[in-house]
Amino acid sequence: MHRIGVFVCWCGSNIGGVVDVPRVVREVAKLPGVVYSTDYKYMCSEPGQGMIIRAIREHRLDRVVVASCSPRLHEDTFRKAVLLGGLNPYLLEMANIREHCSWVHQNDPEKASEKAVAIIRRAVAKAARLEPLVQKRIPVTRRVLVVGGGIAGIQAALDIAEAGYDVVLAEKQPTIGGKMVLLDKTFPTLDCSACISTPKMVSVARHPNVLLLTCAEVEEIRGFVGNFNVTVRLKAISVDYDKCTGCGTCWEKCPTKVPNEFDLGMSYRKAIYLPFAQAMPNKPVIDREHCRFFTQGKCRVCEKVCPAQAINYADQDKFVTLQVGAVLLATGYELFDWASVYGEYGYGRYPDVITGLHFERMVNAGGPTGGKIVRPSDGTEPKTVVFVQCVGSRDEAKGKEYCSRVCCMYTAKQAHQVLEKIPGAEVYVFYIDVRCAGKGYEEFYLRALHEGAQYIRGRVSKIYPEEKKLIVKGADTLLGRPVEVAADLVVLATAMIPSQDAAKVARVAGISADRDGFFLEAHPKLRPVETNTAGIFLAGTCQGPKDIPDTVAHAGAAAAKICTLLARPEMTIEPVAAEVNQKLCTGCLLCRDVCPYRAVEAKEIEEKKNGVLQRRVVAEVNSGLCQGCGACAAGCRSGAIDLKGFTNEQLAAEVAALCGW
Amino acid sequence: MSEMQAVTGVVNLSAGDPALAGEIRELGGAELLECIQCAKCAAACPMVLAGFSFFNKKVIHAILLGLREELLDDSSIWACQSCNRCTEVCPREVNPFEVVQAMRRVAIREFALPTLSVEGLKSLYDTGHAVYLAGAGNTRAKVGLPEKPPSTVASKKALQELQTIIRNSALADLGIIPMGETGVSETCEV
């Protein structure tokens, strides 16, 4: 018989205010195998942990049950205490009597106390069947793949490279810089976005520890934390960067004009082009979809004029494989396609209804209008500008339920810029709430108010053209009246959504996304940069809408976590992993199909049957990849798979104990 | 425009008067732009309880939108009891009471003031009291007080000083009330 100790926590009044803790302690003392039971106000505190350590020694305990909060919060804390008491840390079982009991049964203390006893009875039954487990050590490849070269990817790549590790920065566009480099001034300090991001682009591209890959897409990620094998597709750019000097003769002479996606189609580029003047690398690529040579078979002007003979029409997509220890996803965001759903705003048919990003390009000195705010329809300066917030955000019918977090602030900033650049301009901002939670943000909003921006609390119900104006109809809920404005220009603050490729990236990386497609972090508060797949990290807006300061902070945090992982040549991994009993395994490989982490592989074994050597296929679990979810164990038809720490025997005993069998 | 018409219909913001806010700021509502429409003033205002359509924070909002005609067509601003509670509670130090006063000044310049106010101004000029109970003399005598209170009513010198002040105010230019060199006894039944 085991010697089990039960430690019941009050968690202040969280548990003790509902559950009759002394009664629970008396009742669980009678359970089979329990030789000691006690309670304490805060079991996780230093004196509480001390009680556990002393009791293990004094009462010769060999299994420990702590009845307190969720194991997600303090299992690790108590495992360390059990270890200090001299036991294997996996001889601890947690009974969650807070989240699963006192918090949800506040109005029924009597039954809550009964339930607490039942939960502990379950834990005691499992504790009696716990086996010591040992953490494994695996080697770590000290190199990181960063996917996405926006400000998040750049910042994280720089931080990791500065710490002395190698970084591969893969960007699918021909240049790094992401969305930030497209912006004009940034709230609330109004510093120029390009001025603070282009030096970082240069730093990361020139960093000796960084390998920059542009026009690169991650095709496959195999392996596990510390030991990933990544395949990256390098798209054919038709220019040999070793020879090209970026002199610009080719794009000057190229005869084909294409709408420039970096100016959201508001300007033109050539078929061989540099996305923008500060692009990094500062060398052109050929857009084969539009290039006259690739579409019509003749032209070759760029080849003829290139003084460095850098043009290579025969260039092909290449695949490179890389070994990395960790992968950081920083795939960013894009804007919600308002034009496909907002009929009341004209389905994108009115040229003078634009998005905030169009406005950024326009007000940017490097943009298509050289910094002038104009009406796209006739190029005249608008006198009345209406901003509409929450287009696609906070709109479950047409868009997303969530708040995109940045629009209130950039709208205030754009309102300020209109009032600054156009003397006598009138600015109206239609809003639902003004959300300015950030350092210096509320002050910035007040500044826009002070400068004369008219904030109208209400959503816009209709925009329609009338002569040269756009009539914007809404309601002023503070006035209690419907209102309308004749606007020259309407700017929509459209929602932030995950980038188009996010779903593909999630699939390739084997991570989950939330219902809106943003990558799911391991814990919303305590593990905001990790994913549930060990070794895959997140930075920036791929995890959820963020502004630049939050993105940079998130990226820095991800870099720090990655550096922690790489700091040692080896890493320990949780022993809670699935194990296949090959004798029972029939090789059906259903487990391989259900495994979300691709941790199960087929393996051929040799065995003697009736004295004859035979070969057959069985399943094998890669314990480096296995996250201990148990899907394979549940799916296994022959009962050949057990999850260490959650064996079939342990689970059956728990169920029996709960049901009082 | 009747009261009903004043609170219905679409407000055309483009027809708003952008100069109104500046005018109010010059006439005493200097901190107008500080308002964030939190409505703490409205929660303290007796006008709201009495059901007036343009109370402090709504007056401020309408001024910022330049809704001059809407404000002039409505009598709400004249209902302010000058209790100053709005000014006491305002977290942004907007001083909503002063904004309402400034709006009254704007209204007077446009002769958009209630008849009762003309009476009050006239009484102020003539007696030194906006509201003067002419028949109070007997009551005062009964309790052993002089018939005239010791104010401008009793002091011709004090009243003349007050009238000099009023004749030198903006009120004189508007000509809303006659401003003769008259004393109390000639104009009122004191």
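Two strands count as paired if DSSP finds at least two bridges between them. The model discussed here is predicted.

**A hairpin in chain A.** Strands β24 (residues 460-466) and β25 (residues 469-476) of chain A run antiparallel and are joined by six bridges. Y464(A) faces I471(A) of β25(A) across this pairing. Two residues lie between the strands of the hairpin. E467(A) adopts a positive phi there, near 55 degrees.

**Chain A overall.** Chain A holds 18 helices and 34 strands. Its C-alpha atoms fill a box of roughly 90 × 75 × 40 Å along the principal axes. Of its 661 residues, 48% are buried. Among contacts with a separation of 6 or more, 70% link residues 24 or more positions apart.

**Where the chains meet.** In the interface, 13 residues of chain B contact 15 residues of chain A. On the chain B side, β1 (11-12) and α5 (56-64) each give two or more residues. α5(B) gives the most, with four residues. The chain B side comprises eight nonpolar residues, four polar and one charged.

A strand pairing also crosses between the chains. β26 (residues 481-487) of chain A pairs with β1(B) in the parallel sense, over two bridges. In this pairing E484(A) stands opposite N12(B).

Key
Residues are numbered from 1 along each chain as its sequence is written. Chains are lettered from A and ligands numbered from 1 in the order in which they are written. This is a predicted model: local features need pLDDT of at least 70, side-chain atom pairs count only at pLDDT 80 or more; totals for chains, interfaces and linings use all residues. A residue is buried if 20 or more other C-beta atoms lie within 10 Å of its own, exposed if 12 or fewer, and partly exposed in between; C-beta atoms are placed from the backbone. Two residues are in contact if their C-beta atoms, placed from the backbone, lie within 7 Å. Ala, Val, Leu, Ile, Met, Phe, Trp, Tyr, Cys and Pro count as nonpolar, Asp, Glu, Lys and Arg as charged, and the others, Gly among them, as polar.
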